[in-house]
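These are notes for a colleague who has not seen this structure before. The points below go from the whole chain to single helices and residues.

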Amino acid sequence: MLLEYLTKRKEILLYRLKENQDKLDHNMIAIVEAKNKIEQIDSMIDEASEMFSVKAREDSGFKNQEINELEVHISAYLTENESIEKKIKELEEELLIIEQCIENSTNVSRETLKTKVNNKNDLIDKLQFCRDIIEIDVMRAKIELEELIKVIQ
């Protein structure tokens, strides 16, 4: 039951990790496209003709406004990317804990504990395992500790 929970949690984390990575990739592409568009607009601005032509000055104003809007979008993408990168780091850390718990759960099973209650090392392993789970799910750790108490009694 615990192994199923940990496996399901791992699947959820992997899915969220992929979602965030995809969003980060999308934002990076959008930033590159916006920068390319700014360079394209900059290359179209002819400062010499702006001095003598009212129409060129109006076009230049619109182009400058478009460049400013693109720079605002780039800034928003960069801010969002910082948040996404933090979230990815948190997800990776939790995934590492889950994977360690899965590994520990295969090493210390309830059946092993029930047959070897007197073995101090098994008891310590099970308690350490519960300690690791408490970082992920307090209720699940409480259930595991209650089961451990029942086995010991």
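1. The accessible surface of the protein is about 10700 Å², and carbon and sulfur atoms hold 54% of it. Such areas come from the Shrake-Rupley method with a 1.4 Å probe; for residues, only the protein chains shown count as cover. Of the 153 residues, 28% are buried. Buried means under 20% relative accessible area, exposed means over 50%, and partly exposed lies in between (1.4 Å probe, protein chains only).

2. This is a predicted model, in which local features need pLDDT of at least 70 and side-chain atom pairs count only at pLDDT 80 or more, while totals for chains, interfaces and linings use all residues. Residues are numbered from 1 along each chain as its sequence is written, and side-chain values use heavy atoms, with hydrogens and water left out.

3. The average pLDDT (the predictor's confidence in each residue, from 0 to 100) is 81, and 80% of the residues score at least 70.

4. The protein has six helices and zero strands, in the order α-α-α-α-α-α from the N terminus. Helices (H or I, at least four residues) and strands (E, at least two) are DSSP runs, numbered from the N terminus. Of the contacts with a separation of 6 or more, 74% join residues 24 or more positions apart. Contact here means heavy atoms within 4.5 Å.

5. Which residues touch the most other members of the largest nonpolar core? They are Leu6, Ile98, Cys101, Phe129 and Ile133, in a core of 16 residues. At least two residues of this core come from each of α1, α3 and α5, and α3 gives the most, with seven. A second, separate core has seven residues, among them Ala34, Ile67, Leu70 and Ile74. A nonpolar core is a set of buried Ala, Val, Leu, Ile, Met, Phe, Trp, Tyr and Cys residues joined through side-chain atoms within 4.5 Å.

6. Helix α5 has 15 residues and reaches 21 Å from its first C-alpha to its last, close to the 21 Å expected at 1.5 Å a residue. The expected span is 1.5 Å times one less than the number of residues. Its buried residues are Asp122, Lys126, Phe129, Cys130, Asp132 and Ile133. They fall within an arc of 160° seen down the axis, so they line one face of α5. The arc is that of the directions from the helix axis to the C-beta atoms. On the face turned away from the buried side are the exposed residues Lys120, Asn121 and Arg131.

7. Asp132 is buried, with a relative accessible area of 16%, and touches Ile97, Cys101 and Asn104, not counting residues up to four places away in sequence. With neighbours within four places again left aside, Ile133 is in contact with Leu2, Cys101, Arg140 and Ala141.

8. Gln100 lies in helix α3 (residues 54–107). Is Gln100 buried or partly exposed? Gln100 is partly exposed, because its relative accessible area is 40%. Gln100 and Ile133 are 33 residues apart in sequence and 9.7 Å apart in space, C-alpha to C-alpha.

9. In helix α6, the residues Arg140, Ala141, Glu144 and Leu148 are buried. They cover an arc of only 100° around the axis, which puts them on the same side of α6. The exposed residues Val138, Met139 and Lys150 sit on the face turned away from that buried side.
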